[in-house]
Amino acid sequence: MLDNRIYTFLKLCDVMNYRITAEELNMTQPAVTQHIKFLENYYGCNFFKYSSRKLSKTPEGVLFEAYLRSADYNQATIKNQLSKKIKQAISIGATKTIGDYVITDNIIALLNSKDIDLSLYVDNTSNLLDALNHKKISLALIEGFFDKAHYEYKLLREEAFIGICAKNHPFAGKEVPIESLFDENLIIREEGSGTRAILEQILINNNHSLDSFKTTTCISSFEVIKKLVIYEAGISFVYNAVAKSDSKLMTFKIKNNHITREFNFVYLKNTDANKYISYFE
């Protein structure tokens with residue numbers, strides 16, 4: 001069982017504010033400070049520092065947080081195992097492309113198992129990593145970017161990242177210069193989503209940004225995005241798994257920008273969460 005001072009530390013890592021930490025933990029601010037100072041004195045280093053009145057983690061604080069996230073996850077896992085529950089509870093997270101278009105058959109197989117209670121959360125990359133850090137999920141299936149230095153991971157597969165348009169659109173089936181895109185209405189996912197981050201990086205690599213487009217429309221649902229594209233309301237960029245899901249969609253490529261990205265299993269370091277990977281391979 002982890003010491004209460006550990007949970008004070010983790011809460012401070014979440015909110016990065018001593019006053020808010022005290023309020024959320026129903027403690028006094030001096031008590032929060034005392035908990036942090038105890039840990040810093042015990043381990044002989046500083047975990048936090050102020051710069052221009054803004055609190056940040058030291059490299060030692062980042063390392064200590066990663067260790068404690070894993071320890072907190074392992075404690076919850078062993079507590080669940082010792083409770084001798086008949087069914088195994090599995091909480092999995094997936095980004096929208098993977099959750100909606102890649103692992104459906106795997107989910108059906110798990111639902112047919114009498115020994116497993118499954119929870120699946122479909123969300124964007126940043127929210128899934130936050131859920132992973134706070135042991136709301138054991139394993140995340142993530143498309144695109146994440147900090148590989150902070151997590152264990154295993155490649156699921158590589159996937160092409162391509163443009164989609166209506167069947168009679170001038171781009172259909174073609175390779176087009178990036179400058180030709182900017183007169184189009186670009187339909188993009190919300191901030192924090194993997195596909196948006198990839199597109200933004202492509203634009204930066206070509207000395208452009210989202211502001212280069214005549215208009216942009218932000219939609220969080222791939223199903224809505226597909227319908228808008230089919231009805232000629234704009235173009236979008238998705239993984240090939242999404243593009244193949246509807247025969248009314250056509251694809252196109254950006255000239256000199258043929259992009260593939262990894263789909264990865266991601267989990268906390270020093271945990272046994274990799275045991276769930278076999279259900280999705």
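Colleague: Is R69 buried or exposed in this one?

Modeller: Buried: in this predicted model, R69 has a relative accessible area of 5%. That counts as buried because the cut-off is under 20%.

Colleague: Which element is R69 found in?

Modeller: R69 is found in helix 4, which runs over residues 59-82.

Colleague: And what does R69 touch, leaving out residues up to four places away in sequence?

Modeller: R69 touches L10, C13, D14, N133, H134 and L268.

Colleague: How far does helix 1 reach from its first C-alpha to its last?

Modeller: Helix 1 reaches 17 Å with its twelve residues, close to the 16 Å expected at 1.5 Å a residue.

Colleague: What about helix 3, how far does that one reach?

Modeller: Helix 3 covers residues 29-43, 15 residues in total, and reaches 22 Å, close to an expected 21 Å. Its buried residues are A31, V32, H35, I36, L39 and E40.

Colleague: What covers the buried residues of helix 3?

Modeller: The cover includes helix 1 (4-15), helix 2 (18-24), strand 1 (48-51) and helix 4. Just after helix 3 comes G44, with a positive phi of about 70°.

Colleague: OK, changing topic. Which residues other than glycine have a positive phi here?

Modeller: N256 is one of them, at about 65°, and N270 is another, at about 60°. For background, most residues other than glycine have a negative phi.

Colleague: Where are those two, and are they buried or exposed?

Modeller: N256 is in the loop between strand 11 (249-254) and strand 12, and N256 counts as exposed at 68% relative accessibility. N270 lies in the segment after strand 12, and N270 is exposed too, with 61% relative accessibility. Both are called exposed because the cut-off is over 50%.

Colleague: Which residues line the largest cavity?

Modeller: They are F161, I187, I188, R189, T195, R196, L199, F222, I225, S236, F237 and V238. That lining divides into eight nonpolar, two polar and two charged residues. Strand 8 (185-188), helix 8 (194-205), helix 9 (222-230) and strand 10 (235-239) each supply at least two of the lining residues.

Colleague: And the second largest pocket, what volume does it have?

Modeller: Its volume is about 300 Å³. The second largest pocket is lined by 15 residues, with K57, E65, N133, H150 and Y151 nearest its centre. N133 is also one of the residues that R69 touches.

Colleague: Which element gives the largest share of that pocket's lining?

Modeller: Helix 4 does, with five residues in the lining of the second largest pocket. Helix 4 and helix 7 (125-133) each supply at least two. By class, the lining has five nonpolar, four polar and six charged residues.

Colleague: Last one, zooming out: how many helices and strands are there?

Modeller: The protein has ten helices and twelve strands. Its C-alpha trace spans about 65 × 55 × 30 Å along the principal axes. Of its 281 residues, 44% count as buried. Among contacts with a separation of 6 or more, 75% are between residues 24 or more positions apart.

Notes: Residues are numbered from 1 along each chain as its sequence is written. This is a predicted model: local features need pLDDT of at least 70, side-chain atom pairs count only at pLDDT 80 or more; totals for chains, interfaces and linings use all residues. Side-chain values use heavy atoms; hydrogens and water are left out. On a 1 Å grid over the protein atoms alone, a cavity is a set of points where a 1.4 Å probe fits but cannot get out, and a pocket is an open set with protein on both sides within 12 Å along at least five of seven lines; lining residues have an atom within 4 Å of a point. Grid points are joined across faces, edges and corners, and a volume is the space filled by probe spheres set on the points. Helices (H or I, at least four residues) and strands (E, at least two) are DSSP runs, numbered from the N terminus. Ala, Val, Leu, Ile, Met, Phe, Trp, Tyr, Cys and Pro count as nonpolar, Asp, Glu, Lys and Arg as charged, and the others, Gly among them, as polar. The expected span of a helix is 1.5 Å times one less than its number of residues. Buried means under 20% relative accessible area, exposed over 50%, partly exposed in between (1.4 Å probe, protein chains only). Contact means heavy atoms within 4.5 Å.
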